[in-house]
Amino acid sequence: MYQKPKGTRDLFGKELRRLEAMNSAARSFFGRNGYEEIRTPSFEFAALFDRSIGATTDIVEHEIYKFEVSKKLYALRPEGTASVLRAFIENRIALPARFLYICSMYRRERPQKGRYREFEQIGIELLGESKPFFDAEIIDQAKRYLDLIGARDYTIELNSIGCQDCRSEYREKLREELKADIPKLCDDCRRRFEKNFLRIFDCKKETCQAVYDRVPKISDNLCTECAEHYAQVTEYLNKFGICYAENKKLVRGLDYYTRTVFEFKHGGLGAQDTIIAGGRYDLLMKELGGPDTPCTGWAMGPERLLLTIPEDLPALNAKEIFFIAGMGERFVGDIVALRNQIQDGGHVCMVGDPGESIKAQVRKANRVGAKYSIIYGEDEEREGYYTVKNMDSGEQRKIPKNDFVSFISETKGS
Ligand code: ATP
Ligand code: MG
């Protein structure tokens with residue numbers, strides 16, 4: 001017997017249907033907002049991620065799957081942004097550009113609830129817009145999408161981590177403040193402070209966090225331009241009617257963010273509570289050799305999000321399962337026409353083996369989860385109706401062929 005690797009899953013049945021319903025809702029919603037889908041390779045040259053994500057991040061330090069073939073070092077894609085920008089530059093795509101990606105990511109993490117080694121992300125990237133309106137707009141779009149798919153009880157946290165100018169001044173201030181506390185910090189934090197100091201705020205250790213509670217924060221030490229940008233983002237969010245909380249310790253795991261950072265969190269998820277994370281990253285495009293281009297974007301973990309949505313998604317409710325049980329081979333023509341009619345009405349429809357007894361076919365209908373089985377034989381053909389059995393209630397009724405179109409369109413699904 002073979003087993004799947006740790007941290008991976010076989011997706012099928014309801015779980016996959018729910019995931020796909022989220023994906024198709026994302027395609028149509030973000031499509032209406034002007035986002036074009038993009039699909040990049042699932043592996044890239046490893047240097048792309050080392051360069052873009054940042055040497056001291058969790059991802060680059062521990063989580064990337066790397067492999068060497070013919071002396072070339074490759075990596076399985078751990079996140080989407082670097083690949084999208086690489087593709088944008090390589091294919092010389094025009095600005096402004098809006099991309100949607102929906103694909104698997106790979107990270108060597110310790111598997112637990114809501115944390116896998118292969119997982120999906122739905123993400124958007126808006127390239128070429130620098131104004132605070134767009135920072136707020138991508139947050140608004142994320143929120144509207146969550147509302148559309150029936151997500152509830154999430155909160156939005158917001159912060160600004162400034163630009164390179166405010167950060168270098170703030171860094172010296174922080175170094176002074178932390179002097180006395182350095183011995184209390186964990187090894188990781190001490191190391192990070194030297195390499196990518198803002199990342200210390202991301203530390204999961206309570207002893208470190210107790211120190212960081214007391215120190216001055218980056219959002220209170222922004223340069224004039226960054227402070228103005230941040231103020232405008234919050235004004236737009238207020239205009240859009242979006243509730244958010246400022247979290248002065250929110251810094252995000254990746255190196256390339258500038259100014260706005262945000263996370264959507266869900267209280268019901270325990271330790272893995274972030275469902276969407278993103279922000280502005282004005283420095284990355286140039287870092288990767290492209291034109292100096294302001295960018296914003298976010299990534300969502302649909303699997304984690306689905307853990308918070310117990311009921312069926314509205315997008316899934318559009319269809320019902322039908323099963324046609326015919327009484328004999330000679331009805332196959334009518335049965336296939338009926339099947340097409342039901343499927344064209346947006347429902348799932350399967351056909352039984354008309355050589356089997358009605359009882360055997362209805363049993364199969366039950367097994368595949370059909371809501372209705374439709375029985376079709378000599379009486380039905382002669383008098384022009386379908387016998388429709390509701391598999392939940394057991395109720396059976398005759399629907400005239402002429403009324404069947406409206407029956408199909410009125411059936412919304414459960
Ligand atoms: P975390 O702090 O949970 O490790 P992260 O900062 O690594 O998150 P991002 O790289 O910003 O997360 O990814 C964006 C979203 O992708 C996360 O908010 C989460 O919903 C999802 N995600 C990240 N890693 C995983 C994983 N291993 N399994 C499932 N979903 C994940
Ligand atoms: Mg992580």
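Two strands, β6 (118–127) and β10 (274–280), each supply at least two residues of the shell around ligand 1. Strands here are DSSP runs of E with at least two residues, helices are runs of H or I with at least four residues, and both are numbered from the N terminus. The structure is a predicted model, in which local features need pLDDT of at least 70 and side-chain atom pairs count only at pLDDT 80 or more, while totals for chains, interfaces and linings use all residues. Residues are numbered from 1 along each chain as its sequence is written, chains are lettered from A and ligands numbered from 1 in the order in which they are written, and side-chain values use heavy atoms, with hydrogens and water left out.

Let us stay with the ligand for a moment. The largest share of its shell, three residues, comes from β10. There are 14 residues around ligand 1, and Arg107, Glu109, Tyr116, Arg252 and Thr274 come nearest. A residue is near a molecule if one of its heavy atoms lies within 4 Å of it. Sorted by class, the shell holds five nonpolar, four polar and five charged residues. In this sorting, Ala, Val, Leu, Ile, Met, Phe, Trp, Tyr, Cys and Pro are nonpolar, Asp, Glu, Lys and Arg are charged, and the others, Gly among them, are polar.

Now look for polar contacts, which are pairs of N or O atoms within 3.5 Å; within protein, one atom must be able to donate a hydrogen and the other to accept it, and residues adjacent in sequence count only if both atoms are side-chain atoms. An oxygen atom of ligand 1 lies 3.0 Å from a side-chain N or O atom of Arg115. For Arg304, the distance from a side-chain N or O atom to a ligand 1 oxygen is 3.2 Å. With Gly301, a polar backbone atom is 3.3 Å from an oxygen atom of ligand 1. On its own, ligand 1 has 590 Å² of accessible area, and the protein covers 89% of this. Such areas come from the Shrake-Rupley method with a 1.4 Å probe, and for residues, only the protein chains shown count as cover.

Next, follow strand β6 to Ile124. Ile124 counts as buried because its relative accessibility is 0%. Buried means under 20% relative accessible area, exposed means over 50%, and partly exposed is in between, using a 1.4 Å probe and protein chains only. Ile124 and Ile138 are 14 residues apart in sequence, and their C-alpha atoms are 8.3 Å apart in space.

How far apart are the end C-alpha atoms of helix α5? They are 24 Å apart, which agrees with the 24 Å that the 17 residues of α5 (residues 132–148) should span at 1.5 Å a residue. The expected span is 1.5 Å times one less than the number of residues. Helix α5 is mostly covered, with 12 of its 17 residues buried. Among them are Phe134, Ile138, Ile139 and Leu146. After α5 comes Gly150, with a positive phi near 90°.

Ser70 counts as exposed because its relative accessibility is 68%. Arg259, in strand β9 (residues 258–266), also has a positive phi, about 55°, without being a glycine. Arg259 is buried, with a relative accessible area of 18%.

A cis peptide bond, with omega about -10°, joins Leu95 and Pro96. Pro96 sits in the loop between α4 (81–90) and β5 (97–106). Ala97 is in strand β5, and Ala97 counts as buried at 5% relative accessibility. Ala97 and Tyr35 are 62 residues apart in sequence, yet 7.9 Å apart from C-alpha to C-alpha.

Finally, step back to the whole chain. The chain has 15 helices and 16 strands, and 51% of its 414 residues count as buried. Its C-alpha trace spans about 90 × 55 × 45 Å along the principal axes. The domain assignment gives domain 1 (13–149 + 275–306), domain 2 (164–220) and domain 3 (321–410); such bounds come from an automatic or database assignment. The centres of domain 1 and domain 3, taken over C-alpha atoms, are 44 Å apart.
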